[in-house]
Amino acid sequence: MNRRKICVIGAGVIGLSSAVRIQDKIPGIDITIIADTFSPHTTSDGSAGFWEPHLVNPDQSEEIRKWGQATFDYLLDLVQSQNMPGSINSGIMLFWFDYFTHVLVPAWYDFSIEHDDQMLVPRNELNTTTRYLCCFGAQLVSGYDFSIEHDDQDPFWKDQVIAYRRLEQKERKLHPKNKGGIFYTSLVIDVKSYLPWLMEKFKSRGGKVQFGTISSVNEISDKFDLVINCVGVRAFQLLNDQDVKPIRGQIIRVSAPWIKHFYVDFDRTEGTERYILPGRDYVILGGTGQEGNWSTDINQQDKDKIWESCLNLVPSLKNAQKIGDWVGLRPGRTKVRLEIEEKRRSSGCMVIHNYGHSGAGVTLHWGCAGNVAELAHAVLTTLSSRL
Ligand SMILES: Cc1cc2nc3c(=O)[nH]c(=O)nc-3n(C[C@H](O)[C@H](O)[C@H](O)COP(=O)(O)OP(=O)(O)OC[C@H]3O[C@@H](n4cnc5c(N)ncnc54)[C@H](O)[C@@H]3O)c2cc1C
């Protein structure tokens, strides 16, 4: 089986996690990632990294629950682990990626250490710009979601987060319209740091990486036994999948270290959405959810609206320092497509699709990747038995 060749198209959170989990399942497999955008320039990099099945189809709730649960458990393990980057129990672990030597250097940075010779990485190198800080800060985060009113049904993921409950009367006052809602604890990761970490893991096990744009899967199907398609929203162009549509998300990044809770407020009557999500390095203020809009330009009107509506919810944000704006296209689709393509390519190559995760790519990635690894193993087993 190991002589077989696999290609993963895409280096966002879906492509990278699929590649790593295939390596877990089939050690020593010959596997190549091909993509034309890598971290920190993918859509995944810009996401808030927050675990919540956002903008997914409740009709697919059974699978979403399964993939989401696997991802939640995995992220929670990272938070609780003594040995993983970003662990809350172990100080802060830093990985320095040296772009000259291409070596990832793990180093414990313990703030109780006073003498430089006790540190694995000298203190004066901590700010070296050629090195990439890669502590992906998986952490628990609690907060308020005002989108779910008192008379609404609980969301299908209610039991998957921690300490889910309805808001008390006092908490409703936090909302300018005294709205009801829910409070829960979830997880957040810094995706910009997580992706390089996954990439290093992939390469350290012999995974290969190629830069390139694929215009048709057939273009590479004679070079590989199996192709895993993880191209996100661009499945619309690559496969002419008319079910894929961009859901444009514009955000503002601010420095506001006093914001410790998340706030989410999707108002269905007004058709507006706003959210405030604190991460490791900054707070994300959102947002927009514009279906069918392919523009990745910053829209000033959207920007003003996001700023005003977030300030209206949490007035102390007026003291926040603005860091920048960003737009990304969520890969919207009626359902996440995770399946083996029925038709075999003329070269004999098989294709597994893993795209269309909408506003929940980070939330579902590890579970979906596990599913892909199972399918990949099954496909290669079948191919081997045909020899
Ligand atoms: C504002 C915003 C906030 C978000 N916040 C969250 C959040 O908090 N939590 C959450 O779970 N989700 C969030 N999301 C959604 C999440 O970002 C996406 O679901 C996720 O990034 C999809 O990952 P992906 O790997 O499929 O796509 P991408 O990250 O877009 O990666 C696609 C990869 O495929 C490559 N590719 C595409 N076409 C080709 C081709 N033809 N040839 C070669 N390479 C190709 C690209 O170069 C890239 O490497 C957010 C999205 C936005 C826009």
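Predicted model: local features only at pLDDT ≥ 70, side-chain atom pairs only at ≥ 80, totals over all residues.
**Exercise 1.** Classify the aromatic pair of phenylalanine 38 and phenylalanine 211, and state where its two members lie.

Solution. A search of the whole structure gives twelve aromatic pairs. In the pair of phenylalanine 38 and phenylalanine 211, the centres are 6.5 Å apart and the planes make an angle of 35°. Planes under 30 degrees apart count as stacked and over 60 as edge-to-face, so the rest are tilted. The pair is therefore tilted. Next, locate the residues: phenylalanine 38 is in the loop between strand E2 (30-35) and helix H2 (43-46), and phenylalanine 211 is in strand E9 (residues 208-211). They are 173 residues apart, and the pair links distant parts of the chain.

**Exercise 2.** Is phenylalanine 211 buried or exposed?

Solution. The relative accessibility of phenylalanine 211 is 64%. Exposed means over 50%, so phenylalanine 211 counts as exposed.

**Exercise 3.** Describe the pair of phenylalanine 236 and tryptophan 294.

Solution. The ring centres of phenylalanine 236 and tryptophan 294 lie 5.5 Å apart, with the planes at 55°, so this pair is tilted. Phenylalanine 236 belongs to helix H7 (residues 235-239), while tryptophan 294 is in the loop between strand E15 (290-291) and helix H8 (300-313). The two are 58 residues apart. For accessibility, phenylalanine 236 has 25% relative accessible area and is partly exposed; tryptophan 294, with 34%, is also partly exposed.

**Exercise 4.** Which residue has its charged end over the ring of tryptophan 307?

Solution. The residue is lysine 322, whose charged end is 4.1 Å from the centre of the tryptophan 307 ring.

How values were computed
Residues numbered from 1 in each chain as written. Heavy atoms only, no water. Phe/Tyr/Trp six-rings, centres within 6.5 Å; stacked < 30°, edge-to-face > 60°. Helix = DSSP H or I, 4+ residues; strand = E, 2+ residues; numbered from the N terminus. Buried < 20%, exposed > 50% of the residue type's maximum accessible area, 1.4 Å probe, protein only. Lys NZ or Arg CZ within 6 Å of the ring centre and 35° of its normal.
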